Amino acid sequence: MTTPHTPTALGTDQARARRHELTVIDIRTPGEYASGHLPGALNIPLDQIRRALPEIRHAADRGDVLVVCASGARSENACNLLAEQGIPAANLVGGTSAWAAEGHDLHHPAACETRARWSMERQVRFTAGAVVLLGLLLGLLVHPAFQILSAGVAGGLVFSALTDTCGMAVMLGKLPHNRARPADLAATLATLRRG
């Protein structure tokens, strides 16, 4: 039986000072990761964390693990999941947004496409807004029953805030530009095993 751990949190300056001794795991989508990540961070999207548990445990046995996302919310959830599995991990407070705001460098892969990638948060805001507008427009022009689309999104946003989860982000994460390619995840897991 695994012993649960209590997740910890590191500020950007603490993480920067200890970066050389940390295994940094960025749990954002591959598109978000490619838009800029902490130097040396390995990309394991949040929906692949369970699959990567043995490799993350192996990395945690060698040293401290830092989990990162855009704002710190998804990585906090990931740290809680790891803690339940007996894997100690720290969350980067404020995520890559705070890291960049403090003036710390982000790595931008040379092979990255030149078009800008949207963060998951921005994709969710855009999609929610578009569906609300579509529901209102169809309700006005076609039939009032279409306004239920807008009400559904509003209810989903309230539920998302109350539970600190986001079903829309999970759905958007499955789009091709947000999904990890199996070869990339396999290479990342191999890197974690090697240490």
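Of the 195 residues of the protein chain, 37% count as buried, in what is a predicted model. The accessible surface of the chain comes to about 11000 Å², and carbon and sulfur atoms account for 60% of that area. Taken along the principal axes, the C-alpha atoms fill a box of roughly 60 × 45 × 35 Å. Among contacts between residues at least 6 apart in sequence, 69% join residues at least 24 apart.

**Fold and sheet**

- The protein chain contains nine helices and five strands, and when these are read along the sequence they follow the pattern β-α-β-α-β-α-β-α-β-α-α-α-α-α.
- The five strands form an open sheet with parallel pairing, in which the order is E1-E5-E4-E2-E3. Strand E1 (8-10) and strand E3 (42-43) stand at the edges with a single partner strand each, so one side of each of them has no neighbour in the sheet.
- In general, the strands of a sheet pair through backbone hydrogen bonds, in either a parallel or an antiparallel manner.
- Strand E2, which covers residues 22-26, is joined to E3 by two bridges in the parallel sense, and within this part of the sheet Asp26 stands opposite Asn43 of E3.

**Salt bridges**

- Arg18 forms a salt bridge with Asp64, with the closest N and O atoms 2.2 Å apart. Because Arg18 lies in helix H1 (residues 12-18) and Asp64 in strand E4 (residues 64-68), the pair ties together parts that are 46 residues apart in sequence.
- Glu32 forms a salt bridge with Arg74, with the closest N and O atoms 2.9 Å apart. Since Glu32 belongs to helix H2 (residues 30-34) and Arg74 to helix H4 (residues 73-84), this pair ties together parts that are 42 residues apart in sequence, and both Glu32 and Arg74 are buried.
- Salt bridges with shared partners also join Arg18, Glu21 and Asp64 into one network.
- Asp26, the residue that stands opposite Asn43 in the sheet, forms a salt bridge with Arg28, with the closest N and O atoms 2.8 Å apart. Asp26 counts as buried at 0% relative accessibility, and Arg28 likewise counts as buried at 4%.

- In soluble globular proteins, nonpolar side chains tend to be buried together.
- The largest nonpolar core has 22 residues, and those that touch the most other members are Ile27, Ile44, Ile49, Ile56, Val65, Val67 and Leu82. Helix H3 (53-62), strand E4, helix H4 and helix H9 (182-194) each supply at least two residues of this core.
- When residues up to four places away in sequence are not counted, Ile27 touches Ile44, Pro45, Leu46, Ile49, Val67, Val68, Cys69, Arg74, Ser75 and Ala78. Arg74 in this list is also the salt-bridge partner of Glu32.
- Another core, of 12 residues, lies apart from the largest one, and its members include Tyr33, Leu38, Leu66 and Leu92.

**Nonpolar surface patch**

- Leu134, Leu137, Leu140, Leu141, Val142, Phe146 and Leu149 make a nonpolar surface patch of about 690 Å².
- Helix H6 (residues 120-141) gives the most to this patch, with four residues.
- Leu149, also a member of the patch, lies in helix H7 (residues 147-163) and counts as partly exposed, with a relative accessibility of 33%.

**Individual positions**

- Gly103 is found in the loop between helix H5 (95-101) and helix H6, and Gly103 is exposed, with a relative accessible area of 58%. Gly103 and Ala90 are 13 residues apart in sequence, while the distance between their C-alpha atoms is 21 Å.
- Ser160 lies in helix H7 and counts as buried, because its relative accessibility is 18% and the cut-off for buried is under 20%. Leaving aside neighbours within four places in sequence, Ser160 is in contact with Thr165 and Cys166.

Conventions. Residues are numbered from 1 along each chain as its sequence is written. This is a predicted model: local features need pLDDT of at least 70, side-chain atom pairs count only at pLDDT 80 or more; totals for chains, interfaces and linings use all residues. Side-chain values use heavy atoms; hydrogens and water are left out. Two strands pair if DSSP finds at least two bridges between them. Patches are made of residues with over 30% relative accessible area and no salt bridge: like charges are joined within 9 Å, nonpolar side chains (Val, Leu, Ile, Met, Phe, Trp, Tyr) within 5 Å. Accessible areas come from the Shrake-Rupley method with a 1.4 Å probe; for residues, only the protein chains shown count as cover. A salt bridge is a side-chain nitrogen of Lys or Arg within 4 Å of a carboxyl oxygen of Asp or Glu. Buried means under 20% relative accessible area, exposed over 50%, partly exposed in between (1.4 Å probe, protein chains only). A nonpolar core is a set of buried Ala, Val, Leu, Ile, Met, Phe, Trp, Tyr and Cys residues joined through side-chain atoms within 4.5 Å. Contact means heavy atoms within 4.5 Å.
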